[in-house]
Every structure is written in structure tokens, then in C-alpha cells.
Amino acid sequence: MFEYRRLTECYVKAVHNKDVINVDDDTKIIFFSDVHRGDNSMSDEFAHNQNVYFHAMKNYLKEDYSYVEIGDGDELWEYSSFKNIRSAHSDVYCLMKEFYDKDRMIYMYGNHNMAFRHAPIAKHNLHHFFDEYLDIDTPLFPGIDVKESIVLRDESSGKEILVVHGHQGDFMNDQGWVISLLLMRVFWRYMHMIGFKNPASPSKSRVKRHRIEKTFSRWIVENRKGILCGHTHRPKLPDEGEAVYLNTGCCVHPRGITGIELNGREFSLVHWRIAPDDDGVLAIRKKVMKGPMKFGDFKI
């Protein structure tokens, strides 16, 4: 199947480019995907979670985590101008810049920001921006290398997990992404505001989501490597005996954001949301939805 070939290509590319992270007891990484930062208009699904995301990221920066964004961080299908996205969420990008300047950020592309796989487009948008307040050109992520895939390798057991966005091999979100972009920009951008679902999106189609998960699970079993991805917006940490398929979920859910923490060779599925305490005081809180699960304990 074509999905198999694309996943294998991603693994080979990551190893060839030496995009391999050796995981040990000191490793600390937070994986988020499908942030879908927009222009803060009515169709910007990230806007209502911006404060939750910002608070979570501040905590991870303080706790010396590295940040891996597994694609679809920027919503370039609905919004043609990255400049407007960066301006709308300038505080978020300033915080991401702190990770990048400390050499603690890996930025990956998904189907919704596929344009950044082209180095000239990435350079034009991501390397710098014009600061209208200071009236000068300012570095953002100078020299950034936007990746399609990386590999996590457990130093103790030698087991590996391929990290990709998850759109690989899905025709309308991979090879036919330009068609989907045009449909989103001229039609679905407005339709989902009034409740209609895009059938080409796995986040909106249960059948499409399950097909992707089933295909990925077969690749995992046959290649004896795990997969960590996003794309479907359905968070997942495997149960004992299941294929080693991990999914971050997304940052556009109405009730908060989800991600995968890797802390000292242990994976946890976490949920950040605004919730009241016993006195009714609202605060941003983190809940461990599942885990921790040790890298070496996965049956790969």
C-alpha cells in the first residue's frame, strides 16, 4: 500500500539525515501537533486555546523540556498569509523563539503547512519578520530546518519510534494537498463555522480516522517500530499488547489541548484545560490522561 511506502520513506529519510534523538533517562520532550494557529478571526480554531497553550509552553520551558511540533502548527490552508498568523499570536511565537534560541525546538510540517517543506518559502516566512513596533527586521527562527520526520531511539533497549505528522499516504492530504487547500480556502473555511464537517479531514471523519490508524498499526507490526503522530486529532497511548501507536491529539479541541510528554524514557498523554477548583476559581490545570509508560516496555 502507498501509505506503507511513504512511512518507510520517512523513516529512511530521518535516519539518512541523522534526525535521530537518542532517548535516555535525562530526556525531556513535549510533543504537540495540530495547533492550527490562525489569524484570530472567527474561523481561527486555536484562538480559544491560546492562553492554555501559552501557559503549558511556559511551564515546559521552565522545566527544561524540548519542544517538538509534529506538523500543522500553522493553519496555511485557511489563511494565505503567515505574516497575519504570526502577528495574531505574537506572544506564542516569542515563546517558541525562546525554545529555538536554546536549541530545544524541532519544527515539522504537516498537510496544513506543507508549503514549509520548500526551503525558500520556509526561509521567507520563518527565518525573520518585520517588527512594526521597533520598525526593524527581526530574527524569528533563523536557519530553521523544517522536517518531515524524526526517529526516537531508546538508548537502553534500541527500540525506535518514527515521528511523523500522520498525513503520509492519504492522497487528499498528501499528494493532493493543493486541491484540499483550495477547497478549504474557498469553501470549507466558511462551512465549518456554521457546523458542516469536511469529509476529507480525518479529524472530522471517524471512518477515515480508523482507516489511518489501522494502516499505521499494520506498518508498526511489520516493521517492528512504533509511530508517534498527530493529524487525526484523537489522542492515543497504547494499551499493553497493542501496536505502539501514539497520537498527541490536538490543540483546537473545545475543552483544551492534549500532547505527549516524554520524561526520562517515560511517555504520558496529558491534557491541559481551564477548570475550576473547589471554590470555583478558574485556573489552567494539567491532567495525566494515561501513563506513564516506559519506552523500553513497549512490545516492538
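This is a predicted model: local features need pLDDT of at least 70, side-chain atom pairs count only at pLDDT 80 or more; totals for chains, interfaces and linings use all residues.
Helices, taken as H or I runs of at least four residues, and strands, taken as E runs of at least two, are DSSP runs numbered from the N terminus. With that convention in place, P292 can be located in strand β13, and I will come back to that proline towards the end.

Residues are numbered from 1 along each chain as its sequence is written, and side-chain values use heavy atoms, with hydrogens and water left out.

Let me begin with the overall picture. The secondary structure of the protein comes to 7 helices and 13 strands. Of its 300 residues, 54% count as buried, where buried means under 20% relative accessible area, exposed means over 50%, and partly exposed lies in between, with a 1.4 Å probe and protein chains only. If we take the contacts with a separation of 6 or more, residues 24 or more positions apart account for 68% of them, a contact being heavy atoms within 4.5 Å.

Now to the sheet. Six strands form an open sheet with mixed pairing, in the order β4-β3-β2-β11-β12-β13, and two strands are said to pair if DSSP finds at least two bridges between them. At the edges are β4, residues 105-108, and β13, residues 282-294, each of which pairs on one side only. On average, and ignoring direction, neighbouring strands of this sheet are turned by 20° against each other; axes here are lines fitted to C-alpha atoms, for helices over the stretch in contact, and angles run from 0 to 180 degrees between N-to-C directions.

Which strands does β2 pair with, and in which sense? It pairs with β11 in the antiparallel sense over 4 bridges, with F31 standing opposite I260 in β11, and it pairs with β3 in the parallel sense, also over 4 bridges, where the bridge partner of F32 in β3 is E69. Strand β2 is mostly covered, since 4 of its 5 residues are buried. Further along the sheet, 10 bridges join β12, residues 266-276, to β13 in an antiparallel arrangement, and the bridge partner of H271 in β13 is K287.

There is another parallel pairing to mention, between β1, residues 20-23, and β7, residues 149-154, over 4 bridges. V20 stands opposite V151 in β7. Strand β1 has a covered face, made of I21 and V23, and an uncovered one, made of V20 and N22.

Turning to the helices, α2 lies across β2, β3, β11, β12 and β13, running at about 135° to β12. How is its packing against α4 described? Helix α2, residues 50-62, and helix α4, residues 90-101, pack at an angle of about 20°, with their axes 10 Å apart. That makes α2 roughly parallel to α4, given that angles under 35 degrees count as roughly parallel, over 145 as roughly antiparallel, 65 to 115 as roughly perpendicular and the rest as oblique. The contact is made by Q50, Y53, F54, M57, K58, Y60 and L61 of α2, together with D91, V92, L95, M96, E98 and F99 of α4.

Finally, some backbone details. Most residues other than glycine have a negative phi, and most peptide bonds are trans. Not counting residues up to four places away in sequence, G291 touches L237, F267 and S268. G291 and D239 are 52 residues apart in sequence, and 9.7 Å apart in space from C-alpha to C-alpha.

As for positive phi values, R224 has a phi near 55° although it is a residue other than glycine, and it sits in the loop between α7, residues 206-223, and β9, residues 226-229. H233 has a positive phi of about 70° and is not a glycine either; its place is the loop between β9 and β10, residues 245-247. Are these two residues buried or exposed? R224 counts as exposed because its relative accessibility is 59%, whereas H233, at 18%, counts as buried.
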